[in-house]
Amino acid sequence: MSDGLGEAAGARQTVSVVLPVLLDDEPDWDEGPLPFGTEQRSWDAERRRGYFAPAAARALYGRRRHRRMSVTEGPLVLEGLELLRVATPRQPRQALGVLHLTVHGAPLLDVLRAIGHRTGAGPDPLTGPLDPAVLFGGVADTAPPRAPFALSRPYTVAFFTPDATHTAVLRDADGALPASADHRLRELASRSTEADNPSPPERLAGVATEAIRISADWSALIGRHGAAFLGHRPDRGPGDFYEFAAVQARAVYLDALLLGMIQRDHLDALTDELSQVFDSAPGLARRVSALERNIAVFRSTYWRRHQTVHGPADGLLRAFQARHRLPELFTDILAEAADYSRIVQTRESGQIAGALGVLTVLGLPLGTALSVLQVLGDEDPWHLLIALTGALAATAAALTTRYGRLVLASLRGGPRRRGRGD
């Protein structure tokens with residue numbers, strides 16, 4: 001009898017592969033996400049919208065297309081493709097491609113290890129007819145992007161239900177879940193065995209607190225490069241609850257993770273934009289203003305506190321955010337943008353003060369000269385010209401003083417060079 005996920009295939013095995021792509025053109029595919037379930041109860045865009053806030057639903061389903069197709073290569077069967085446009089202000093062609101696969105006859109963990117290019121694993125199954133470059137040919141460029149923090153390998157969302165032989169993941173007669181179940185869950189999420197990626201005992205003990213217990217029947221775990229759903233009782237085949245669970249894992253729960261990926265991509269784009277604020281001197285105020293606008297659009301569209309009304313989906317989204325430290329990243333972005341905004345405000349205040357100082361330096365000598373001529377009743381044009389010349393000379397002399405240089409430096413908006421006499 002086998003109790004290891006790497007030794008025997010499960011009763012029901014699926015994997016959705018998510019990878020970043022750049023759209024060449026809007027594909028002539030069917031609109032909306034790939035619908036799962038039966039025709040009577042199809043999990044299409046209309047049904048899924050009810051699980052998300054309106055802004056999140058627009059982001060997930062407003063610019064999403066799918067294509068049904070069947071490709072069999074070894075133990076893998078491709079059921080369909082999806083493209084979700086996730087354009088950022090600096091990369092309007094950015095999108096996420098999704099491959100929905102079913103695994104027959106082969107251990108799911110072996111397939112995941114091969115996708116993750118683990119040492120000693122089999123050849124990458126996403127080659128040949130299942131190569132993303134072939135599947136998305138003419139529609140999107142699947143070459144790994146060079147943007148900051150871009151994933152070098154696809155993100156996998158695995159679903160596994162056991163049969164009676166997978167004793168390590170099954171609840172016992174008292175309903176208790178063995179520690180080995182969370183160990184197997186970690187293997188599926190990380191696409192690795194203990195030999196691939198040994199973990200300290202403290203890390204293994206923490207998996208139990210990170211796992212999301214969707215119900216007594218199954219759990220989920222979110223990792224940096226993959227997520228996993230694992231059943232905890234034997235799958236009874238057609239008509240079993242796991243039939244519905246498999247659909248949920250590919251529909252609403254996958255959508256929650258896709259929303260997290262959209263958030264991550266936009267935060268990466270904002271971080272890149274922050275790093276280039278001071279690349280060129282002119283136009284700082286304009287760049288900071290554009291940055292603040294992009295942050296406001298991101299917060300109103302993608303970062304509301306409650307993006308989904310569905311408990312497990314909301315837990316999955318928050319787990320993805322925590323795994324990628326998105327809340328901390330967004331807090332840092334807000335703090336840094338606020339610092340830049342204060343710099344711009346300080347510079348603009350200094351320029352306004354400098355302009356007022358220039359008006360004072362220019363106006364005081366001239367006003368004094370004209371007032372003297374008016375008091376004396378002198379209307380001779382030559383005297384007026386002499387007065388103007390004297391006022392300009394006094395102004396020029398005033399601008400050479402420490403106060404005058406300070407006024408000019410403030411008007412330019414740059415740092416004032418200090419001289420020996422300052």
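This is a predicted model: local features need pLDDT of at least 70, side-chain atom pairs count only at pLDDT 80 or more; totals for chains, interfaces and linings use all residues.

**Starting at a helix end**

Next I checked the length of H5. Its 12 residues should span 16 Å at 1.5 Å a residue, and I found the end C-alpha atoms 17 Å apart, which agrees.

Which residues of H5 are buried? I listed Ala 181, Asp 182, Arg 184, Leu 185, Arg 186, Glu 187, Leu 188 and Ala 189.

**More salt bridges**

I then looked up the total for the model, and the count is 20 salt bridges.

I picked out Glu 26 and Arg 85, whose closest N and O atoms are 2.7 Å apart. Glu 26 lies in the loop between strand S1 (12-23) and strand S2 (30-31), and Arg 85 lies in strand S6 (residues 76-85), so this pair ties together parts that are 59 residues apart in sequence. On accessibility, I noted Glu 26 as partly exposed at 34% and Arg 85 as buried at 17%. Both belong to a network of salt bridges that links Glu 26, Glu 31, Arg 65 and Arg 85.

My next entry is Arg 64 with Glu 82, a salt bridge with its closest N and O atoms 2.6 Å apart. Arg 64 is in strand S5 (residues 64-73) and Glu 82 in strand S6, so the pair ties together parts 18 residues apart in sequence. I checked both Arg 64 and Glu 82, and both are buried.

**Aromatic rings**

I turned to the rings and got a count of 17 aromatic pairs. One of them is Tyr 155 with Phe 320, an edge-to-face pair at 5.9 Å centre to centre with 65° between the planes. Where do these two lie? Tyr 155 is in strand S9 (residues 155-161) and Phe 320 in helix H10 (residues 311-323), 165 residues apart, so I wrote the pair down as a link between distant parts of the chain. Both residues of this pair, Tyr 155 and Phe 320, are buried.

I also traced a cluster in which ring pairs link Trp 43, Tyr 51, Phe 159, Trp 218, Phe 229, Phe 241, Tyr 242, Phe 244 and Tyr 253. What sits over the ring of Trp 43? I found the charged end of Arg 47 there, 3.7 Å from the ring centre. Over the face of Tyr 242 lies Arg 233, at 4.6 Å from the ring centre.

**Stepping back**

I finished with the whole chain. I noted 13 helices and 12 strands. Of the 422 residues, 46% are buried. Among contacts with a separation of 6 or more, 71% are between residues 24 or more positions apart. The accessible surface comes to about 21000 Å², and carbon and sulfur atoms account for 56% of that surface.

Terms used
Residues are numbered from 1 along each chain as its sequence is written. Side-chain values use heavy atoms; hydrogens and water are left out. A salt bridge is a side-chain nitrogen of Lys or Arg within 4 Å of a carboxyl oxygen of Asp or Glu. Helices (H or I, at least four residues) and strands (E, at least two) are DSSP runs, numbered from the N terminus. Buried means under 20% relative accessible area, exposed over 50%, partly exposed in between (1.4 Å probe, protein chains only). Contact means heavy atoms within 4.5 Å. Accessible areas come from the Shrake-Rupley method with a 1.4 Å probe; for residues, only the protein chains shown count as cover. The expected span of a helix is 1.5 Å times one less than its number of residues. Rings of Phe, Tyr and Trp (its six-membered ring) pair if their centres lie within 6.5 Å; planes under 30 degrees apart count as stacked, over 60 as edge-to-face and the rest as tilted. A charge sits over a ring if NZ of Lys or CZ of Arg is within 6 Å of the ring centre and within 35 degrees of the ring normal.
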